[in-house]
Each structure stands twice: as C-alpha cells, then as structure tokens.
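Biologist: Thanks for sitting down with me. Could you put the model up, so that we can go through it together?

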Amino acid sequence: MKRDSLKEIKKGLMGVTHPGHEAVASFDEPYLKKVKEFYIDYTLERKGAALPRKVKEMIIMSVCTAMARFGGTRLHLKRALLAGATPREVLEALQTAAIPGGLPVLWNGAAILAEEMKKMKVTFK
C-alpha cells in the first residue's frame, strides 16, 4: 500500500519530490494519502480550476523564495517549468514577488532558475 501512495505522490509532483514524502509514507501511509488528496487532487491538479498548474507552482515558488525556503523554491520552480512555464515567466514571477518580498527574492530565485535551466538544458528566450 505504501508504494501505491508514494507512487501517486511522485506522479502528481511530476517526479520532483522531497525526501520527507518517502519518510511520511513509511511512517503514516494513510496520512500521506490525505495529503495527496488535498495538495495534489484539490489544489495543484483540481479539475476546472481557474489557475493552471504552472501558475500555482510559480505562486508557491515565490512564497517559498520570500520565506527563504530555497529547497521549496527549487522544487516548485522545476515543477513550474515541467508544467509548461517558460523561464521568462518564472523570472517575471520572481521579479513580481520581489516587490513585497525584497530584492533577495529575485537574486536567489534567479540563481536557482539559472541552475535548473542548465540541468534541464533549457535556454532563456
């Protein structure tokens, strides 16, 4: 059962996961199932949602960056790109988040964007 929930989480998170997902699966698999329902089914991949997945990922990425949660920034930035966001859209989200969050949001986020683009072999247009 644990493997099924973890497999569903990994699929819903586009393969970009945190080690905590596996730990929670081994400690409390029913809880992980409920987290998946809320986080993936009812938020990120909600049917008929007004916002597309890439926008939701960029919102979460921006909040993580403003809170100096750079691990979360990286995960959600990568998922935004995988969901179809362009590097320019990601940069603009970071530039916009720098208004209330301060310029470190942009500097740190842009550095992470450059690293992930290199890994994914994506160019900035």
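**A walk through the helices**

Modeller: Happy to, and please keep in mind that this is a predicted model. Setting aside residues up to four places away in sequence, Ser62 touches Ala93 and Ala97.

Biologist: Is Ser62 buried or exposed?

Modeller: Ser62 sits in helix 4. Its relative accessibility is 11%, and the cut-off for burial is under 20%. Ser62 therefore counts as buried.

Biologist: Let's turn to helix 5 and helix 7. How are they oriented to each other?

Modeller: Their axes are 10 Å apart, and the two helices pack at an angle of about 50°. Angles under 35 degrees would count as roughly parallel, and 65 to 115 as roughly perpendicular. Helix 5 and helix 7 are therefore oblique to each other.

Biologist: And how do the residues of that contact divide into nonpolar, polar and charged?

Modeller: From helix 5 the contact includes Phe70, Leu77 and Leu81, and from helix 7 it includes Ile112, Leu113 and Glu116. The residues of the contact of helix 5 with helix 7 divide into 7 nonpolar, 3 polar and 5 charged.

Biologist: Which residues does Met120 contact, leaving aside its neighbours within four places in sequence?

Modeller: Met120 lies in helix 7 and counts as partly exposed, at 25% relative accessibility. Its C-alpha atom is separated by 25 Å from that of Leu103, 17 residues apart along the chain. With those sequence neighbours left aside, the contacts of Met120 are Lys78, Leu81 and Leu82.

Biologist: What is the phi of Lys121?

Modeller: Lys121 is found in the segment after helix 7. Lys121 counts as exposed, because its relative accessibility of 75% is over 50%. Although Lys121 is not a glycine, its phi is positive, at about 55°.

Biologist: Where is Ala68, which also has a positive phi?

Modeller: Phi of Ala68 is near 60°, a positive value in a residue other than glycine. Ala68 is partly exposed, with a relative accessible area of 47%. As for its place, Ala68 is in the loop between helix 4 and helix 5.

Biologist: One more, please: at which residue does helix 3 bend?

Modeller: Helix 3 covers residues 29-44, and its buried residues include Leu32, Lys36 and Ile40. The helix bends by about 25°, and the residue at the bend is Glu37.

Methods. Residues are numbered from 1 along each chain as its sequence is written. This is a predicted model: local features need pLDDT of at least 70, side-chain atom pairs count only at pLDDT 80 or more; totals for chains, interfaces and linings use all residues. Side-chain values use heavy atoms; hydrogens and water are left out. Helices (H or I, at least four residues) and strands (E, at least two) are DSSP runs, numbered from the N terminus. Buried means under 20% relative accessible area, exposed over 50%, partly exposed in between (1.4 Å probe, protein chains only). Contact means heavy atoms within 4.5 Å. The bend at a residue is the angle between axes fitted to the seven residues ending there and the seven starting there. Axes are lines fitted to C-alpha atoms, for helices over the stretch in contact, and angles run from 0 to 180 degrees between N-to-C directions. Angles under 35 degrees count as roughly parallel, over 145 as roughly antiparallel, 65 to 115 as roughly perpendicular and the rest as oblique. Ala, Val, Leu, Ile, Met, Phe, Trp, Tyr, Cys and Pro count as nonpolar, Asp, Glu, Lys and Arg as charged, and the others, Gly among them, as polar.
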